[in-house]
Structure formats: structure tokens, C-alpha cells
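Work through the exercises below with the sequence and the model side by side, and try each task before you read its solution.

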Amino acid sequence: MTRLEEQLHFTEELLDAIPLPVYVKDESRCYRLFNRAFEEFFGIDRRSFLGKTVFYLLPDDVAGVHDKVDGELLASVSRRSYEARSHRPDGAERDGIYHKATLTRRDGSIAGLICTIYDITQRKEWEKETLRAKEAAEAASRAKSDFVANMSHEIRTPMNGILGIVELALDTPLSPEQREYLGVVKSSAEALLTVINDVLDFSKIEAGKLTIEDTPFEPRKVVGAALKTLALRANSKGLELAWDVAPAIPEVVSGDPGRLRQVLLNLVGNAIKFTERGKVVVRAEPVADGDGNEIHFSVS
């Protein structure tokens, strides 16, 4: 065996040991060398494709994509990487990332090109499975949110009816004991309605549909109404419930009175729950570094 034959044999052995598909083309874009991984990737016998172009290996539309890149690489020394799908004779499809580079002679002239293929077929399948699982999870989440929203609406309607009837009853002549009982019913119904609204808001947040209003309202009235709702609970624990709105606060501001009331009910409700004795105070004052249109609320 001559030295040249030994070098050629060594090159072939080296290529076959590489786990990635590798091939070499000449200036005519014909295959001149393959490795074993190339055969396995395309499901072919490499001897049948030596001296032939990519149009013998792949359908015309797919082959045309590769041939266009090959032509550009053979026009000037360069490199190119791109993703493509290949069709095997057995009908299977393989996804790969093709890394191509121009081959040159010692004098710098272009002799052909070399390409390695990174098989990403399995990764593509995992991506599809992950996407399907994500879509299924999102669909389940949307179904849950829709159910919670519908359920909350269904419960809120009769709760508002109960509150309406209780308020009508409280406007009639009642004994002190009856008025106290109805007051407890009203307070409990309002508390339950607050929980229902919280659940509904949570479902809206999940669905990305929560909106914040921007309407004129009187902050003193909102604070007073929120504390009135919780007064009975504070009184039952022997706590004083007070509020202090700074004189600098405007009579009318712009914002979402419903959300403000909701936040105050949550904070003051927790304050009452965890205060054993003394008092709970709600304060409203202008933001120190603001433009006069922002209010800072605190509960202590």
C-alpha cells in the first residue's frame, strides 16, 4: 500500500468514526465522500450516491434549498449553517442543522465543500411534546378560570339579592335584637361577597382580563363605607375602629373606588383579626414627593 493509499484509508476510517453525518462534494456539487453516520441518517447505501448530486438523494423542493446554499459556498470561500428537514426512502423524516464550509486547494482555489449534520429529530419531538403539554395545561387553566368566573357570578347574584332584602328589612320598624341579628347577616353577607369578588378577580388575573377603572370618586366616602362594614367585627372584639383623612386630601380624586375598598377591607379585616386590644386606625395622606394627586393609605 502506497503512502497516499494509507492516508486515504486513514481519512476514511477517521470519517467513519465521527458520530455526526459528514460528506464532501466537489466543484460540480457531486458527492465524493460519505461517512457511516451519513448512511444511517438518510437510510441509504452511500455507494449508490457517489458521483451524484443532492437531487438524486432528496425531493426536488428540498434538494433545491441545499443546492442553492452549495452554489453560494462554491462562489466564494465562506461558511453557512441552517436547519432543514430531510426525507428518507423509508418515508421517515429527519431534522438536522447543516454546517457547511468551502474546501480550498493549497493555492487558495475552491475545490468543493464539506458538510456536517447535527441530528435534532429527537429534540424536535421533545419540543412538540412540550408544546402540546403546555397547550393542554393552558386549556385546563382557562377552563378552570372560566368555571370559577361563572361560579362566582352565579353566587354573587343571590348574595346581592340577600343584601338588598336585608337592607330593606333594616329600614322597617325592628326590635333592637332583630336589628342586631340582621346587622350580623348583612355584615356576613358583605364579607362573603368580598371573598366571591376576590375569587372572581383571581380568575380574571389568570385570564389576563383584570381591568382597573379610572373614575372620579370621594375617598372619604369609600373609607367610611369600608370601615362601616367592619365596625361590627371590631366592636365584637372590643376594639376601636377609627380613620383619619388629612385635610389636604381632595374631596374628589380619580381612580378605582372598588379596588380601593377591596384593599381596605382586606387590610383592615386582617388588622382586626390580629389585634387583641386597643384600636385599628386607617390613615390617608398625600404622598410626600407626589404631585398632590396620589394618596398614601396606611392601616395600623
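**Exercise 1: two hairpins**

In the hairpin formed by β3 and β4, where 5 residues lie between the strands, G91 has a positive phi near 95°. Strands here are DSSP runs of E with at least two residues, helices are runs of H or I with at least four residues, and both are numbered from the N terminus. The model is a predicted one, in which local features need pLDDT of at least 70 and side-chain atom pairs count only at pLDDT 80 or more, while totals for chains, interfaces and linings use all residues. Residues are numbered from 1 along each chain as its sequence is written, and side-chain values use heavy atoms, with hydrogens and water left out.

*Task.* Find how many bridges join β3 to β4, and in which sense the two strands run.

*Solution.* Begin with the rule that two strands pair if DSSP finds at least two bridges between them. Strand β3 (residues 79-87) and strand β4 (residues 93-104) are joined by 9 bridges and run antiparallel. The hairpin of β4 and β5 has 5 residues between its strands, and G108 in the turn takes a positive phi of about 95°.

**Exercise 2: a sheet and its helix**

*Task.* Work out the strand order of the open sheet of 3 strands, and find which strands helix α6 touches.

*Solution.* The order is β7-β9-β10, with mixed pairing. The edge strands, each pairing on one side only, are β7 (240-245) and β10 (295-299). Strand β9 (residues 279-286) pairs with β7 in the parallel sense over 6 bridges, and W243 stands opposite V282 in β9. Helix α6 (residues 219-236) packs on this sheet and touches β7, β9 and β10, where contact means heavy atoms within 4.5 Å. The direction of α6 makes about 170° with that of β7, using axes fitted to C-alpha atoms (for helices over the stretch in contact) and angles from 0 to 180 degrees between N-to-C directions.

**Exercise 3: the length of α6**

*Solution.* After α6 comes G238, whose phi is positive, near 75°.
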